[in-house]
Amino acid sequence: MLGFRLSAQTPPPARPVTDGVVSRFEHTYEVDPALMTEHVRQQQIPNWDFRRIVDSRWEHLHWMRDHFADQVIAASELLAELEAEG
Amino acid sequence: MAIALEGSVVDELIAICGPEGVFTGRSALFNRARVPAPFPAHRWEDHIPQAVVLPTSAEQVSEVVKLANRHGIPVVPRAGGTGLTDGAVPLNHGILVDVKLMNRIIEIDHGNRTVTVGPGINMLKLNEELRRHGYFYPDDPASYPCSLVGGRIGTSGWSLIGARYGHTRDLVVSFEIVLPTGEIIRVGDGGGRSTRKSSSGFQLKHLFIGHQGTLGIVTEATLELAPRPEAEFSAFFSFSDYMGAHRLTGDLSRSGVATLGGVVLFDEMKIAYLRRDDEAYIPQDESVRAVVACASYGNADEVRAGAKRLLRIARASDGSYMGDEISQGDWWSRHDRYATPQHGRTRDGQVALMSWHCEDAAIPYTELPAVREKWHAIASDLIQRFDMFDDWGMFAYTNGAHKAWGDYLTEIDIGIWESRWTDESWAAWVDAKREIGRVALEHGGSLTACHGSCRAGEVDLVPVELGGGFEVMKKIKRALDPNNIMNRGKYLLDQAYEEE
Ligand SMILES: Cc1cc2nc3c(=O)[nH]c(=O)nc-3n(C[C@H](O)[C@H](O)[C@H](O)COP(=O)(O)OP(=O)(O)OC[C@H]3O[C@@H](n4cnc5c(N)ncnc54)[C@H](O)[C@@H]3O)c2cc1C
């Protein structure tokens, strides 16, 4: 088993995405730390925990969706059919 | 601090509910003082109950209510405690009847397609069991994982897929209720437990739905069973202006597609808010200023055919399809996305811990653009005066049962930094709520489509909205609850006793 290595768990530097939003991993976003200086401080989260939070979110959404129907019909598929039908 | 109940009353409660069903400790009482709606946290102690009971049968509830009548102690029914109009918040202390332990599935009637449950069951848990039989109880509020059947009835709740399946009042076939004097009766359409339509006598079912616990405590409910949907479809469309989105919302709603569960319209402030903190909206192009979403459920072939018709209508609008990931992921997030950010922005853009609150109303389709402008102006004024509020935007959602057209559940979401409450900011908030309600009425709407209207601010307008109907409400309350036991102080119904 691999032990915890700080270097492997330290998030990469943030790159600005929009006014007030930064990103460190693809498709995941954070509030710009500059906006979290007065009332709430940002915490550094190790990479494994960051991924766990993002993955759990998707897991939860699929779990919830599954409560409602057996299958999902994608609009892209129907739009393609409509295109083909002209 | 509320005066403690006399020991002899607590002993009587223990004799009824057993020692494991009666709580007088601080955590049991304080945790049941509030709901998620903005709460005067600086006046917490005004709202704590004197005792909490967790009964397990209608007979126990009845005996607690009779005891309350004997001693003149108010009774507050509480289910999930997620109601947004303070229905489950004690206004006069008293005995809080928490129905959470009455959470059993009592009977599934396969032949007549009903399920009978205790009021403490939650829809998510109920549906997990029903799924095994191919059934679905389609009451789907955003609070689906946490609100309970008793509270849904107490509120007359609104469901996200109500345009397809109806709302709580349409989905509850009949129920048992303990009246404010302790008698146990059953109401429905007529007398039959599973009768869907009767012309026999007064339509009492509707009287006992949505009264916010002022007319009794539901102890058992027989609910509609729909076939579990084979398929789900959801699609989101972006617009560069609100009016284009408003037009498509109307067009989709009037489409007549039977599988359509609902259509929702996000306004520019909502998109601006989501663009700040929501991974689906942050990457959206600046030109995206409003969004329309729709969702359908049912048999796969019917959903597919209906969805194609919806997409044809959308293609003819100015909107652009936003892609499968957001269309599906955003719909799947409908139970928590708008409620749980737990933070907002101060005027200078700094992040602060804020809780979510939404003001809801029912607004006719044609009035949505005007109401939107007025509501945001009210929020903006509040923000200018107190650096503890944040406008999180508005949405409008189809409100009809089994049809999508007509009026819309309209909400403005406001972030509130609750640890900053003062008497002054609380008073300003209550005034703003009243103004929001007044605008709804001026535009031909109702004060509320789903939450109820018994909180400070909105409740003052209930007599204005209902007119002579409010006089009838008072007469009914007096007749059914002669000692004003049941949820005392709610809906201005204390007036019924002042005018003796
Ligand atoms: C995140 C979030 C999203 C929400 N989304 C929606 C939504 O989409 N649609 C919607 O309709 N609401 C919504 N709500 C509001 C709330 O969930 C509903 O009003 C719900 O019906 C309340 O149910 P509850 O079990 O929490 O009831 P409670 O809050 O405990 O009680 C609600 C009212 O019913 C009374 N009551 C409770 N139990 C009984 C009983 N056994 N007999 C008689 N009266 C009783 C109470 O006294 C109170 O007046 C939302 C709330 C939250 C927090």
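Buried means under 20% relative accessible area, exposed means over 50%, and partly exposed is anything in between, with a 1.4 Å probe and protein chains only. This is a predicted model, in which local features need pLDDT of at least 70 and side-chain atom pairs count only at pLDDT 80 or more, while totals for chains, interfaces and linings use all residues. Residues are numbered from 1 along each chain as its sequence is written, chains are lettered from A and ligands numbered from 1 in the order in which they are written, and side-chain values use heavy atoms, leaving out hydrogens and water.

**View 1. A salt bridge joins Arg385(B) and Asp381(B)**. The closest N and O atoms of this pair are 3.6 Å apart; a salt bridge is a side-chain nitrogen of Lys or Arg within 4 Å of a carboxyl oxygen of Asp or Glu. Because the two residues are four apart in helix H13 (residues 368-385) of chain B, about one helical turn separates them. Helices (H or I, at least four residues) and strands (E, at least two) are DSSP runs, numbered from the N terminus. Arg385(B) is partly exposed, as its relative accessible area is 49%, and Asp381(B) is partly exposed too, at 42%.

**View 2. Here are two salt bridges of chain A, Arg52(A) with Asp49(A) and Glu30(A) with Arg24(A).** Side chains of opposite charge can pair when their charged atoms come close. Arg52(A) and Asp49(A) meet at 2.8 Å, N to O, and both sit in helix H2 (residues 47-66) of chain A, three residues apart, or about one turn. Arg52(A) is partly exposed at 43%, whereas Asp49(A) is buried at 17%. For Glu30(A) and Arg24(A), the N to O distance is 2.9 Å. Glu30(A) is buried at 15%, while Arg24(A) is partly exposed at 24%. Over all chains, the structure holds 43 salt bridges.

**View 3. Helix H3 of chain A meets helix H11 of chain B**. Contact (heavy atoms within 4.5 Å) involves several residues of H3(A), including Leu78(A) and Leu82(A), and several of H11(B), including Ala307(B) and Leu311(B). Look also for the network of salt bridges that links Glu77(A), Glu81(A), Glu85(A), Arg304(B) and Lys308(B).

**View 4. Helix H2 of chain A crosses helix H12 of chain B**. The axes of H2(A) and H12(B) (residues 324-332) come within 9 Å and cross at roughly 80 degrees. These axes are lines fitted to C-alpha atoms, for helices over the stretch in contact, and angles run from 0 to 180 degrees between N-to-C directions. H2(A) is therefore roughly perpendicular to H12(B); angles under 35 degrees count as roughly parallel, over 145 as roughly antiparallel, 65 to 115 as roughly perpendicular and the rest as oblique. Trp58(A), Leu61(A), His62(A), Met64(A) and Arg65(A) touch Glu325(B), Gly329(B) and Trp332(B) here.

**View 5. His47(B) sits in a loop of chain B**. The loop runs between helix H2 (26-30) and strand E2 (51-53). With 12% relative accessibility, His47(B) counts as buried. Leaving aside neighbours within four places in sequence, His47(B) is in contact with residues including Phe39(B), Pro40(B), Leu91(B) and His93(B).
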